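Have the structure open while you read.

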Amino acid sequence: MKKPKSYKWQKNDGTGTMSRHLRSEHGLGPEGEEGSSGGGQAQLHGYASDMPGAGMPFVYNRDRMISELGRFIIADELPYSFGESVNYEYFNRVALQPQYRRVPRNTLKRRTQQSYYAYRGYLMEMFRTYDGRVSLTSDTWTSTYGEPFVCVTAHWIDNDWLLQKRIICFEAMEEAHNGFNIKSRIVSCCKNFHLVDKIFSISLDNATANTSAMQFLKEDPSIKLVLDEYGLRKKVIALDTPTRWNSTYKLLHDAIAYRDVLTDMYNESRATDGQFITNDHWSLAKIVHDVLETFDNATHIFSYVYEPNIHTVILECIKIICTIKQTSLANPGVAVKRLLDNMKVKWCAYFTEFPPIYAIAAILDPGVKLEGLTNLLTFYYQQLDVQFDVPYYVNNCKRILERLCEEYGAVIQPQPVGSSMGASRFGILGPVLKKSRPDGSGSSSSSSSSSSSSNIGVGEYLTYQFETEENFHIIEWWKNHSSKFPVLARIAKDILAIPASTIASESAFSAGRRVLDEKRSRLSSESIEMC
């Protein structure tokens, strides 16, 4: 056994002597790693440049570790028992932090509850002082174990002009699953978050209970809906339903890719009765597939939750009906014509007249405005072969926008200004946007603007033409022009936050299915809401 050596530290001594001793006598490198090589003075490791505390030395803090582990568990939908994992403890102690010790599940639950309620309180205070409008989407869901839930999601554009969404309610419903009780939950949520006088719109799907809830919401005196004040009805596009066209498109898209395999398998199984799949069947499937591809593209756009999409609804609907019309003209066969005629009838049942909010959102697109909207709708109804008073409808939308300006203009004074516009980003619909009216006159956008101070912003915006780039982003555009059109910018900020579908609530339910699985069926409704 070697005789122990003593070391004396003197002023200005470094760590070289200790490093050499550790390396030669104990086989340890300068950082205490067995078998490591290389010299140099050991340094304190700091936080990475892209992390909070960048540039500061790292100091292990168990309290902070528990908070961050709780955030990680919630974000990745893991069970609280993950913190008690022996294997995870071993991984941390060997590879990351020797001081790490397992965290009991109850400790993690308490810590995540504290973090959740702290952030919930922050949201409540933020909405209390928020001077804009908030749009809501809501839906109901029944878990695998038969427990009903209601979800409410808030959508708004913050002061940095970033589109935000937060789930502000995900609660179990012990009472009857009817319209009145759904309305009561939504109202209670709005009161908790100080939103009763800041709601711009509420979007629900077309289930019977939701339709009834919407009627109760309109009659509730505590809820003030901006859109109801102007007679705007709500309409959303249902997604992920087997009876909808985008589901048929996905089925055909996969089937066509495997047409040879499917044909051989089916024809072998039906050899006795002579009912075979032929090339004619696949030709019909390809025609339907191509028609529904446009519809599927539109549903993807309507599913955005962090990008504005309310202003694209009319444009995408026109693309769909144009595809149906062109396909019908190019394929005069009886089977195709019957199929497309049925699609057209179904389409007209929902989209003969667009809710005005879609048109107003399109007007707020500087590449469309009033003249472009008039041309687009005229073209749309020509493709539908439907008689519709487009000028009256567009002028009514303009009057609604002017009334909104009067309300918003009471606080903000506009400062009009202008430049030049291009419409190349609209693709095949670009010529339609620029087309003159049949009588040779300009649209109402070129008429004289109102003399009232609250409407000057509308008149100047509609009169002047703006230059838009191919990579145009509407929120960024309004952010950059908010000083020129402060009233319209504030209106655009509220309207563009309205989602075109209830996909935000649907995605929350998808997460709920993953969280409330067979291994976590006993989670309380409070824990599920946090997750």
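Does Glu 125 count as buried, exposed or partly exposed at 40% relative accessibility? Glu 125 counts as partly exposed, where buried means under 20% relative accessible area, exposed means over 50%, and partly exposed is in between (1.4 Å probe, protein chains only). Keep in mind that this is a predicted model, where local features need pLDDT of at least 70 and side-chain atom pairs count only at pLDDT 80 or more, while totals for chains, interfaces and linings use all residues. Residues are numbered from 1 along each chain as its sequence is written, and side-chain values use heavy atoms, leaving out hydrogens and water.

- Helix α2 (residues 62-75) and helix α4 (residues 105-129) have axes that come within 9 Å and cross at roughly 85 degrees.
- Those axes are lines fitted to C-alpha atoms, for helices over the stretch in contact, with angles running from 0 to 180 degrees between N-to-C directions.
- Helices (H or I, at least four residues) and strands (E, at least two) are DSSP runs, numbered from the N terminus.
- So α2 and α4 are roughly perpendicular to each other, a label for angles of 65 to 115 degrees (under 35 is roughly parallel, over 145 roughly antiparallel, the rest oblique).
- Where they meet, α2 brings residues including Ile 66, Leu 69 and Ile 73, and α4 brings residues including Leu 108 and Arg 111; contact means heavy atoms within 4.5 Å.

- The structure holds 13 salt bridges, each being a side-chain nitrogen of Lys or Arg within 4 Å of a carboxyl oxygen of Asp or Glu.
- One of them joins Arg 128 to Glu 125, with the closest N and O atoms 2.6 Å apart.
- These two sit three residues apart in helix α4, so about one helical turn separates them.
- Arg 128 is partly exposed, at 45% relative accessibility.

- Arg 133 pairs with Glu 407, their closest N and O atoms being 2.4 Å apart.
- Arg 133 is buried at 12% relative accessibility, whereas Glu 407 is partly exposed at 28%.
- Arg 185 and Glu 171 also form a salt bridge (2.7 Å, N to O).
- Here the link runs from helix α5 (residues 179-192) to strand β3 (residues 163-172).
- Arg 185 is buried at 17%, and Glu 171 is partly exposed at 24%.
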